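This briefing is intended for a reader working through the structure shown below. Please keep the sequence at hand while reading.

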Amino acid sequence: MKIDFKGNKVVAISLFAGIIVGAIVANLTMAEKMYILGNYAIDNYNAYAMSKVDKNNLFITIVLKRFKQIAIVGILMMAINPYIILNIVAFVFGSTIGMLLAIETMRLGLKGVLYTIICFLPQYIIYIAGFMLTIYWVSKKYVKDNLYFDDSNGKIRKIIPIIIIFLIFLIGSGFEAYINPIFLKNFYQYIVP
């Protein structure tokens, strides 16, 4: 597999541009109407994780949400040039991170940065791996016109990447529903005043 480093630089630029734009938007919005972005504080999103909600229901909700997201991105990547979609997703993800970092830094100071990172770990490491595999699979199919799948077992080889992607996102959802709340409960008392 040949890796296009120029393409990776563009994605990295999209991600960091998104982080900067997200932080600027958060700061400008907070300066004008502080109450609006308070609704996006991580506490509101993670209250369910720290409460006594049934973790199995939480897991099913997360799985459904994540698979809708990856299905939409996968379909868009097959319909449109996958590199354009990749850069859009990187920019949106970066904007979200930038906004959350800015909001939590305004609320908690430097502890807000640590709190934001804890909220994304460990599940987003797994999600990013699954997303990168999805990108590789879709772009390989897009660029090579099924060259990757041309053998006598073509149907099986077409399903294997889908199963692997499904399992990766299932594992990530498990981490988000079962492991991340443990991180939050253990660190919350030390970080949030």
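The model is predicted. Helix H4 spans residues 55-79 and contributes to the lining of the second largest pocket. H4 also packs against H5, at an angle of about 145°, and H5 in turn packs against H6, at about 135°.

**The second largest pocket**

- The space in the second largest pocket amounts to about 210 Å³.
- Its lining consists of 12 residues, and those nearest the centre are Ile 70, Ala 71, Trp 137, Ile 162 and Ile 165.
- Two or more lining residues come from each of helix H4 (55-79), helix H7 (123-144) and helix H8 (154-191).
- H4 makes the greatest contribution to this lining, supplying 6 residues.
- The lining comprises 10 nonpolar residues and 2 polar residues, with no charged residues.

**Packing of H4 with H5**

- The axes of H4 and H5 lie 7 Å apart, and the angle between the two helices is about 145°.
- On the H4 side the contact is formed by Val 73, Leu 76 and Met 77, and on the H5 side by Pro 82, Ile 85 and Val 89.
- This contact has 6 nonpolar residues, with no polar and no charged residues.

**Packing of H5 with H6**

- Helix H5 (residues 82-108) packs with helix H6 (residues 110-120) at an angle of about 135°, and their axes are 6 Å apart.
- H5 is therefore oblique to H6.
- The two helices, H5 and H6, cross in a right-handed sense.
- From H5, the residues in contact are Ile 97, Leu 100, Leu 101, Glu 104, Thr 105, Arg 107 and Leu 108.
- Their partners in H6 are Leu 110, Lys 111, Gly 112, Val 113, Tyr 115, Thr 116 and Phe 120.
- Sorted by class, the contact of H5 with H6 has 8 nonpolar, 3 polar and 3 charged residues.

**A cis peptide bond**

- The peptide bond that runs from Leu 121 to Pro 122 is cis, and its omega is near -5°.
- Pro 122 is located in the loop between H6 and H7.

Methods:
Residues numbered from 1 in each chain as written. Predicted model: local features only at pLDDT ≥ 70, side-chain atom pairs only at ≥ 80, totals over all residues. Heavy atoms only, no water. 1 Å grid on protein atoms, 1.4 Å probe; cavity = no way out; pocket = protein on both sides within 12 Å on 5 of 7 lines; lining within 4 Å. Points joined across faces, edges and corners; volume = space filled by probe spheres on them. Helix = DSSP H or I, 4+ residues; strand = E, 2+ residues; numbered from the N terminus. Nonpolar A, V, L, I, M, F, W, Y, C, P; charged D, E, K, R; others polar. Axes fitted to C-alpha atoms, helices over the stretch in contact; angles between N-to-C directions. Parallel < 35°, antiparallel > 145°, perpendicular 65-115°, else oblique. Left-handed = near helix turned anticlockwise from the far one by under 90°. Contact = heavy atoms within 4.5 Å.
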